[in-house]
Structure formats: structure tokens, C-alpha cells
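This briefing covers the pockets and the aromatic ring pairs of one protein model. Please read it alongside the sequence and the structure.

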Amino acid sequence: HEPDVDLLRLLPRPLQEELRVEIYKPVLMEYPLFEALDHCSHRTLAKVCNNSMSQKSLKIGHELFAFNTKVDSMFFCVAGHLVYLEGSSNMVDIGGSADDDIVPEGTWLCDQVLWATNWITRG
């Protein structure tokens, strides 16, 4: 994660911004809206990479978001996978059951926040 690498802060700002585009653009290009944005304006997509993107790691069994919670971020699963439980399921429910929805690497979640205000999660 970027905040964990002290040396990055010593780089000139334009180089830091270029690195962020190199890191985040391939992730964003998986989503059709951002792919279209890149075709229209590389500069605007670079601003998204530099002003709107961050990384978050989860340990096994930890929640990315909870049921019936307002979310204001879209998420991309870039490594590993997530387990999506619809409704107010308990953590005890996680365990590879046939009813678990696996969210594979390369998938996005909560893209509704891009066009809906006050979006509430359903899982």
C-alpha cells in the first residue's frame, strides 16, 4: 500500500502521479464507464487515479461492507476473491457452502454509488 512506502513521498509529485496512473488505470479499465472515459479524456481518468483511488486489504473473515449500510465507494477485487452473502447473514455462514456467491478477482462491487446517492447495501 502506498502509505506504507515512505520513499514514495520523496519522489517529485508528477512522478508520484504517473505511478498512481500506472497502478490504478489497469484496474479501472475493467469497468466499461472508465474505459469510455479514457477514450474521451486520458487526463480525466488520470485525475480519477490520483484523487479517487486507494487500496484496502482484507483478512479472511473480515467484511468489506455490511448489510443495510450506506456505501460511498466502488470496490474492485484485484487479488484473491470475496464471498458475498445476501441479506443479514452471519459470519458463521461463511465456509464454502453452495449458497455462497464468490466474487472473483477482476470483479467490481458497489458501482451503484457512481450514479445513486444514498445507496444502501443489500448484502
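Helices are DSSP runs of H or I with at least four residues, numbered from the N terminus. The model is predicted. In the largest pocket, H1 supplies the largest share of the lining, with four residues.

**Largest pocket**
- The space in the largest pocket comes to about 1300 Å³.
- Its lining has 46 residues, and those nearest the centre are Leu 58, Leu 64, Phe 75, Phe 76 and Leu 82.
- At least two lining residues come from each of helix H1 (13-28), strand S1 (75-77) and strand S2 (82-84).
- The lining of the largest pocket divides by class into 28 nonpolar, 14 polar and four charged residues.

**Second largest pocket**
- About 160 Å³ of space lies in the second largest pocket.
- This pocket is lined by 10 residues, with Glu 2, Leu 8, Gln 16, Arg 20 and Ile 23 closest to its centre.
- Four nonpolar, three polar and three charged residues make up the lining of the second largest pocket.

**Aromatic pairs**
- The model has three aromatic pairs.
- One of them is the tilted pair of Tyr 31 and Phe 34, with 5.7 Å centre to centre and 50 degrees between the planes.
- Tyr 31 and Phe 34 are both buried.
- Phe 65 and Phe 75 form a stacked pair, at 6.1 Å centre to centre and 25 degrees between the planes.
- That pair links distant parts of the chain, 10 residues apart: Phe 65 is in the loop between helix H3 (42-51) and S1, and Phe 75 is in strand S1.
- Phe 65 counts as buried because its relative accessible area is 16%, under the 20% cut-off.
- Phe 75 is also buried, at 17% relative accessibility.
- Tyr 31, Phe 34 and Trp 108 are linked into a cluster by ring pairs.

Methods. Residues numbered from 1 in each chain as written. Predicted model: local features only at pLDDT ≥ 70, side-chain atom pairs only at ≥ 80, totals over all residues. Heavy atoms only, no water. 1 Å grid on protein atoms, 1.4 Å probe; cavity = no way out; pocket = protein on both sides within 12 Å on 5 of 7 lines; lining within 4 Å. Points joined across faces, edges and corners; volume = space filled by probe spheres on them. Nonpolar A, V, L, I, M, F, W, Y, C, P; charged D, E, K, R; others polar. Phe/Tyr/Trp six-rings, centres within 6.5 Å; stacked < 30°, edge-to-face > 60°. Buried < 20%, exposed > 50% of the residue type's maximum accessible area, 1.4 Å probe, protein only.
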